[in-house]
Amino acid sequence: MTEAAVGRLAGRVALITGASRGLGAAAALAYAAEGAHCVLVARTVGGLEEVDDRIKAIGGSATLVPLDITDGPGIDRLGQALFDRFGRLDVLLGNAAILGTLSPMGHFEPKVFEQVMAVNVTANWRLIRSMDPLLRRSDAGRAIFVTSGASRRIIPYWGAYATSKAALDMMVGIYAAEVAHTQVKVNLFNPGPMRTFMRREAFPGEDEAQQIPPEAHGESLIQLAIPACTMNGEWVAGDAALEQRPSVS
């Protein structure tokens with residue numbers, strides 16, 4: 001029996017969006033190492049296959065789902081497929097997001113602003129709509145949505161991204177309140193600055209060697225996914241949690 005088979009998420013089914021790189025890939029590896037079967041969603045087949053190879057290397061298992069999460073009917077079909085195969089969903093990590101462009105509010109191209117909202121907000125609503133019934137069929141459904149400190153600060157030129165994350169915060173908070181009397185727990189997770197593609201887009205001059213790797217947040221995301229998690233409706237600051245640990249590799 002492998003370590004993954006007896007981990008803290010042994011036998012759990014975890015759906016992760018934006019799973020081909022960055023925080024999504026790191027979460028997938030952390031969950032797989034704890035025994036979860038990971039359903040990996042991203043647009044890039046090659047990226048998904050690379051993560052799958054890494055999961056297999058540690059004795060884990062995954063299902064790859066090449067899907068643009070703005071494809072609402074596609075998310076519905078995924079929900080039906082999960083029901084047919086597993087009958088439930090134990091963990092939902094809504095991680096996929098895009099930055100868009102940094103621009104004065106009046107200068108955004110409509111298609112850019114609308115795409116940011118489609119990926120960062122509407123797609124997560126579609127996930128809630130399709131996956132909530134499956135989370136309720138779990139003995140301890142856990143939903144985690146990745147937010148940003150930009151949702152709580154007024155930062156010039158970050159209008160599209162910050163607006164989308166503020167909307168996400170409100171939507172997820174309402175969802176958490178609606179499931180408060182069920183076995184489902186719903187929380188927001190803010191990782192803070194990380195060594196990711198999005199960070200490079202926003203701050204191309206930063207020294208990546210000084211940035212926190214996404215893998216550093218694996219333990220926090222595990223804690224929010226395990227059945228023992230009792231938090232609901234919380235805004236969890238991942239970077240603050242890291243500061244309380246002895247060290248970060």
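## Close-up views of a predicted model

View 1. Contact means heavy atoms within 4.5 Å. Helices (H or I, at least four residues) and strands (E, at least two) are DSSP runs, numbered from the N terminus. This is a predicted model, in which local features need pLDDT of at least 70 and side-chain atom pairs count only at pLDDT 80 or more, while totals for chains, interfaces and linings use all residues. Residues are numbered from 1 along each chain as its sequence is written, and side-chain values use heavy atoms, with hydrogens and water left out.

**View 2. Helix α1 along its length.** Helix α1 covers residues 22-33, twelve in number. From first C-alpha to last it reaches 17 Å, close to the 16 Å expected at 1.5 Å a residue; the expected span is 1.5 Å times one less than the number of residues. Ten of the twelve residues are buried, including Leu-23, Leu-29 and Tyr-31. Gly-35, which follows α1, has a positive phi, near 100°.

**View 3. The open sheet.** Seven strands, paired in parallel, follow the order β3-β2-β1-β4-β5-β6-β7. Two strands pair if DSSP finds at least two bridges between them. At the edges are β3 (61-66) and β7 (235-237), each pairing on one side only. From one strand to the next, the twist averages 20°. Axes are lines fitted to C-alpha atoms, for helices over the stretch in contact, and angles run from 0 to 180 degrees between N-to-C directions.

**View 4. Strands β1 and β2 with two helices.** The parallel strands β1 and β2 are joined by five bridges, and Leu-15 has Val-39 of β2 as its bridge partner. Helix α3 (residues 72-85) lies across β1, β2 and β3, at about 165° to β2. Helix α4 (residues 110-137) packs on the sheet, touching β1, β4 and β5, and makes about 175° with the direction of β4.

**View 5. The largest nonpolar core.** A nonpolar core is a set of buried Ala, Val, Leu, Ile, Met, Phe, Trp, Tyr and Cys residues joined through side-chain atoms within 4.5 Å. The largest has 32 residues, and Leu-15, Leu-89 and Phe-145 are among those with the most contacts inside it. Helix α4 gives the largest share, eight residues.

Conventions
Buried means under 20% relative accessible area, exposed over 50%, partly exposed in between (1.4 Å probe, protein chains only).
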